[in-house]
Amino acid sequence: MQIYRSPVYGIQIQYPSSWEKQENATKQDTPADVVTFLAPEVNSNANFDITIEDISDEKGILLPQVANQSMADLKQSLTNFKLIESKQ
């Protein structure tokens with residue numbers, strides 16, 4: 001396993017050593033892919049994106065509400081989605 005760290009966004013994640021890491025440019029005022037992890041060619045459909053979105057314009061919505069809705073959306077759209085660990 002390897003560890004990806006982004007001091008800019010304060011995130012850290014472990015990923016398999018055999019996966020390719022692609023760091024992406026950020027886009028202002030839009031969701032930005034920070035990093036994408038791509039599985040080896042054998043599992044070419046597998047990938048994982050970390051995306052940062054500015055929600056500061058969303059008045060009256062708390063971060064836990066946004067996180068819960070995002071998790072619900074992932075569980076609905078990805079049949080094998082499983083959140084292993086989350087730290088706040």
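Modeller: Let's start with the rule for rings: those of Phe, Tyr and Trp pair if their centres lie within 6.5 Å. This is a predicted model, and in it ring pairs link Y4, Y15 and F37 into a cluster.

Biologist: What makes the pair of Y4 and F37 edge-to-face?

Modeller: Planes over 60 degrees apart count as edge-to-face. The planes of Y4 and F37 stand at 80°, with the ring centres 5.9 Å apart, so this pair is edge-to-face.

Biologist: And why is the pair said to tie together parts that are apart in sequence?

Modeller: Because Y4 belongs to strand β1 (residues 2-6) and F37 to strand β4, parts that are 33 residues apart in sequence.

Biologist: Then why is the pair of Y15 and F37 called tilted?

Modeller: Stacked needs planes under 30 degrees apart and edge-to-face needs over 60, with the rest counted as tilted. Y15 and F37 have 35° between the planes, at 4.5 Å centre to centre, so by that rule the pair is tilted. This pair also links distant parts of the chain, with Y15 in strand β2 (residues 11-15) and F37 in strand β4, 22 residues apart.

Biologist: How do you know that Y4, F37 and Y15 are buried?

Modeller: Buried means under 20% relative accessible area. Y4 has 4%, so Y4 is buried. F37 has 2% and is therefore buried too. Y15, at 7%, also counts as buried.

Biologist: How much of the protein do buried residues make up?

Modeller: They make up 11% of the 88 residues.

Biologist: F37 lies in strand β4. What does strand β4 pair with, and how do you know that β4 and β5 pair?

Modeller: Two strands pair if there are at least two bridges between them. Strand β4 (residues 32-38) is joined to β5 by six bridges, so the two pair, and they run antiparallel. T36 stands opposite D49 in β5. The open sheet here has three strands in the order β3-β4-β5, with antiparallel pairing.

Biologist: Why are β3 and β5 called edge strands?

Modeller: Each of them, β3 (20-23) and β5 (47-52), pairs on one side only. Neighbouring strands of this sheet are turned by 15° against each other on average, direction ignored.

Biologist: And what pattern does the protein follow along the sequence?

Modeller: The pattern is β-β-β-β-β-α, from five strands and one helix.

Definitions and conventions
Residues are numbered from 1 along each chain as its sequence is written. This is a predicted model: local features need pLDDT of at least 70, side-chain atom pairs count only at pLDDT 80 or more; totals for chains, interfaces and linings use all residues. Side-chain values use heavy atoms; hydrogens and water are left out. Helices (H or I, at least four residues) and strands (E, at least two) are DSSP runs, numbered from the N terminus. Axes are lines fitted to C-alpha atoms, for helices over the stretch in contact, and angles run from 0 to 180 degrees between N-to-C directions. Rings of Phe, Tyr and Trp (its six-membered ring) pair if their centres lie within 6.5 Å; planes under 30 degrees apart count as stacked, over 60 as edge-to-face and the rest as tilted. Buried means under 20% relative accessible area, exposed over 50%, partly exposed in between (1.4 Å probe, protein chains only).
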